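Have a look at the structure first, and then we'll go through it piece by piece.

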Amino acid sequence: WNAPSAQETVGGIRTLIAADPCVMFSTTWCQQCAKTQEFIEQQSGRQCRKVELDKPPPELQQQSTPAAPVLAALTGQNTVPNLFIARKHIGGYAEVVRLAEQCRTGAVTPEHGDICAYLMGGGASKASA
């Protein structure tokens with residue numbers, strides 16, 4: 001990769017993650033991503049922003065380095081869904097299901113309280129019903 005263009009892509013990815021409490025990197029054809037989206041909506045009552053890597057949003061369209069390999073380098077995960085909640089990397093479907101269960105049972109460390117607040121439907125960013 002060209003280092004300056006890769007840094008632009010990193011910046012675009014970080015902008016996306018910072019802009020929403022829940023961001024899921026996906027592809028248009030990913031069935032596991034749809035399952036993850038549905039699980040998050042059922043848990044939290046809110047939608048997670050879906051960023052399709054094969055149909056990138058404006059934040060990633062202008063970058064000369066594709067987002068998928070940069071995201072993989074940042075997270076150590078080269079599969080989708082690649083999920084962030086409260087600006088923290090979660091992983092995929094299995095990881096968010098496990099984390100939601102840990103939130104329900106109180107087995108989450110304090111630094112992940114904001115993730116639990118989102119998943120359990122609490123917190124200031126909850127949409128009004």
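Let's start on the outside: R87 counts as exposed, because its relative accessibility is 55% and the cut-off for exposed is over 50%. Bear in mind that this is a predicted model. R87 sits in the loop between β3 and β4, and its phi is positive, about 65°, although it is not a glycine. A86 lies in the loop between β3 and β4 too; its phi is near 55°, again a positive value in a residue other than glycine.

| Where | Angle | Value |
|---|---|---|
| A86 | phi | near 55° |
| R87 | phi | about 65° |
| V80 and P81 | omega | about 5° |

Now for the inside. How many of the residues of β1 are buried? Five of the five are, so β1 is largely enclosed by the rest of the structure. In a regular strand, side chains alternate between the two faces of the sheet. For β1 both faces are covered: C22, M24 and S26 are buried on one side, and V23 and F25 are buried on the other.

What does β1 pair with? It runs antiparallel to β3, with four bridges joining the two.

On to the packing. The largest nonpolar core has 20 residues, and L83, I85, V96 and L119 are those with the most contacts inside it. At least two residues of this core come from each of β1, α2, β3 (82-85), α5 (93-105) and α6 (113-119). Apart from it lies another core, this one of 13 residues, with V10, I13, V23 and L60 among them.

Leaving out residues up to four places away in sequence, L83 touches C22, V23 and M24, along with T36, I40, C48, K88, H89, I90, G91 and V96.

Next, the cis peptide bond from the table, which joins V80 and P81. P81 sits in the loop between α4 (67-75) and β3. As for α4, its buried residues include A67, V70, L71, A72 and T75.

Which residues does C30 contact, beyond its neighbours within four places in sequence? C30 is in contact with V80 and P81, the pair joined by the cis bond. C30 and P81 are 51 residues apart in sequence, yet their C-alpha atoms are 7.7 Å apart in space. C30 itself is in the loop between β1 (22-26) and α2 (31-44).

Is C30 buried or exposed? C30 is buried, because its relative accessible area is 9% and the cut-off for buried is under 20%.

Key: Residues are numbered from 1 along each chain as its sequence is written. This is a predicted model: local features need pLDDT of at least 70, side-chain atom pairs count only at pLDDT 80 or more; totals for chains, interfaces and linings use all residues. Side-chain values use heavy atoms; hydrogens and water are left out. Buried means under 20% relative accessible area, exposed over 50%, partly exposed in between (1.4 Å probe, protein chains only). Contact means heavy atoms within 4.5 Å. A nonpolar core is a set of buried Ala, Val, Leu, Ile, Met, Phe, Trp, Tyr and Cys residues joined through side-chain atoms within 4.5 Å. Two strands pair if DSSP finds at least two bridges between them.
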